[in-house]
Amino acid sequence: MTTQKHGGYDFVVVSNRLPVDRVIAPNGDASWQHSPGGLVTALEPVMRATDGAWVGWTGQPDLEFDPFVSDGIRIVPVALSPDDVENYYEGFSNDTLWPLYHDVIAPPSYHREWWESYVAVNQRFADAAIAVAAQGAVVWVQDYQLQLVPKMLRTARPDLTIGFFNHIPFPPYGIYSQLPWRTQIIDGLLGADVIGFQRVADAANFSRAARRLLGYVTKYPYIEVPGEGTAETPARRVLAKAFPISIDSSAFEELARKPEIQARAKEIRAGLGNPKIVMLGVDRLDYTKGIGHRLKAFGELLEEGRLNVQDVTLVQVANPSRERVAAYMQLRDEIELTVGRINGDFGTMSHQAISYHHHGYPRDEMVALYLAADVMLVTALRDGMNLVAKEYVASRFDNDGVLVLSEFTGASDELRRSLRINPHDIDGLKDAIVQATEMPLVERQRRMRSMRKLVLRNDVARWSAEFLAALRSAGADNSGEPVEPVEEEDPLGELEWTIERIRHR
Ligand code: F6P
């Protein structure tokens with residue numbers, strides 16, 4: 001680790017979490033370890049390839065550090081107090097916005113003190129980015145925790161080109177309009193030149209909210225933001241469209257091809273008692289992931305004798321997440337009770353129905369698990385993308401394995417050759433699980449080959465290159481020259497949305 005100069009970076013990423021975690025070894029030595037997770041996986045390769053800085057929280061309360069370099073990435077830590085963690089992170093981000101943006105699967109809580117903390121902490125992130133961004137730099141803000149940052153950056157630094165990417169869904173207006181601070185959030189996001197979403201439907205929902213709440217003229221994929229009559233605040237055209245995120249696909253394939261990983265996959269199967277079929281679920285322990293629905297379907301199949309515990313084992317990796325938020329504590333209790341019941345009812349001395357793991361694993365072990373799994377179950381009730389589905393596909397260089405995939409994930413827009421299910425339809429889910437266990441090899445290969453082509457082509461490098469190219473051209477367009485007004489939204493606009501949606505099916 002080396003200490004670096006402050007300021008002067010041409011490319012700045014701002015996200016709630018830094019790509020590194022502070023880890024204390026048993027002997028008391030502290031070090032920074034690269035943290036797993038979709039966002040980090042997505043952006044790490046881009047950061048390494050550019051001379052950029054990454055602004056974010058250290059992940060623990062009251063940890064203050066000067067900027068440093070870790071594994072080739074310049075890190076600019078933002079400190080959060082215990083109150084900030086409670087009100088901004090656990091409260092407004094994960095108990096207001098998270099459930100609201102995931103179609104109110106759990107009820108969102110609205111508290112004014114949480115909102116005040118969200119505004120204050122967003123300003124702190126914005127200030128940290130402002131301090132390190134060079135004149136005319138590109139700043140790329142990530143995710144729902146920081147939706148006010150784009151406008152804060154623009155107000156202080158009109159020279160910057162600003163991007164924002166929303167990793168989670170953006171809800172339909174009928175749901176979004178519940179939010180007491182709905183107008184401020186839209187206004188905050190519209191400080192960006194480019195706003196990226198996972199799906200076309202998310203971009204459409206956002207655009208509609210901008211139209212309804214601020215009266216702005218929208219025509220896919222643009223939103224026209226009027227100026228305030230001064231040279232510093234000219235009219236701007238904001239690009240709001242879908243940029244579906246992906247993974248470092250070839251890295252997963254490379255790992256899967258390693259003999260030691262394949263040996264480990266065999267060892268995992270042997271450890272499970274060599275069942276005919278290994279099923280796998282890998283999720284953050286979150287109520288959006290439909291883990292309960294998956295367990296219900298699996299339990300009923302065992303009960304009805306359509307699956308047999310001698311033949312089939314379900315491995316469920318449930319990564320601990322947001323453990324101080326009440327809805328997550330309750331979910332853990334429910335899931336673990338269900339796992340215990342199913343194992344108690346159906347397990348034998350030699351075969352467990354569910355092998356349950358309440359912790360994360362390093363990537364090597366995950367890839368071995370993907371190779372060991374005949375069937376991958378992704379049953380999310382709502383998910384921005386679901387990178388686990390893509391990781392499974394990227395790892396299966398043998399063109400085998402069946403992906404059962406919820407149609408409520410962003411990934412299902414692309415992975416059309418998966419077995420697509422509605423997780424609320426337990427009978428439909430059960431049928432799909434049985435179909436997956438009985439699918440002939442030729443069909444498994446045909447489906448997997450086609451999904452692999454897509455995942456290997458549309459990888460994270462392409463995602464970031466496309467976003468950054470859009471950002472560069474938007475930055476040039478919004479250089480202060482007056483913009484030609486776009487036409488008012490008309491009924492044909494809706495048709496365009498529909499056509500765009502169909503194209504993505
Ligand atoms: O994409 C959703 C997201 O909240 C990311 O911002 C984050 O990296 C990941 O899920 C894990 O969540 P958390 O940072 O709250 O543990």
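This is a predicted model: local features need pLDDT of at least 70, side-chain atom pairs count only at pLDDT 80 or more; totals for chains, interfaces and linings use all residues.
Residues are numbered from 1 along each chain as its sequence is written, and side-chain values use heavy atoms, with hydrogens and water left out.

Ala, Val, Leu, Ile, Met, Phe, Trp, Tyr, Cys and Pro count as nonpolar, Asp, Glu, Lys and Arg as charged, and the others, Gly among them, as polar. Helices here are DSSP runs (H or I, at least four residues), strands are E runs of at least two, and both are numbered from the N terminus.

| Side chain | Distance to a ligand oxygen atom |
|---|---|
| D143 | 2.7 Å |
| R322 | 2.8 Å |
| Q145 | 3.3 Å |

The protein covers 79% of the 380 Å² of accessible area that the ligand has on its own. That area comes from the Shrake-Rupley method with a 1.4 Å probe.

Helix α2 also packs against another helix. Its axis and that of α3 (residues 112–132) come within 8 Å and cross at roughly 110 degrees. Helix α2 is therefore roughly perpendicular to α3, a term for angles of 65 to 115 degrees. Axes are lines fitted to C-alpha atoms over the stretch in contact, and angles run from 0 to 180 degrees between N-to-C directions. The contact (heavy atoms within 4.5 Å) includes Y88, F92 and L97 of α2 and W114, W115 and F125 of α3. Its residues divide into 8 nonpolar, 6 polar and 4 charged.

A second pair is α12 (residues 363–372) and α13 (residues 387–395). Their axes are 9 Å apart, at an angle of about 70 degrees. These helices are therefore roughly perpendicular to each other as well. V367, Y370 and L371 of α12 meet V388, E391, Y392 and S395 of α13. This contact has 5 nonpolar, 1 polar and 1 charged residues.

Two backbone details remain. Most residues other than glycine have a negative phi, and most peptide bonds are trans. D103, in the loop between α2 and α3, has a positive phi near 55 degrees. Y220 and P221 are joined by a cis peptide bond, with omega about 0 degrees. P221 sits in the loop between β11 (217–219) and β12 (222–225).

Methods:
A polar contact is a pair of N or O atoms within 3.5 Å; within protein, one must be able to donate a hydrogen and the other to accept it, and residues adjacent in sequence count only if both atoms are side-chain atoms. Angles under 35 degrees count as roughly parallel, over 145 as roughly antiparallel, 65 to 115 as roughly perpendicular and the rest as oblique.
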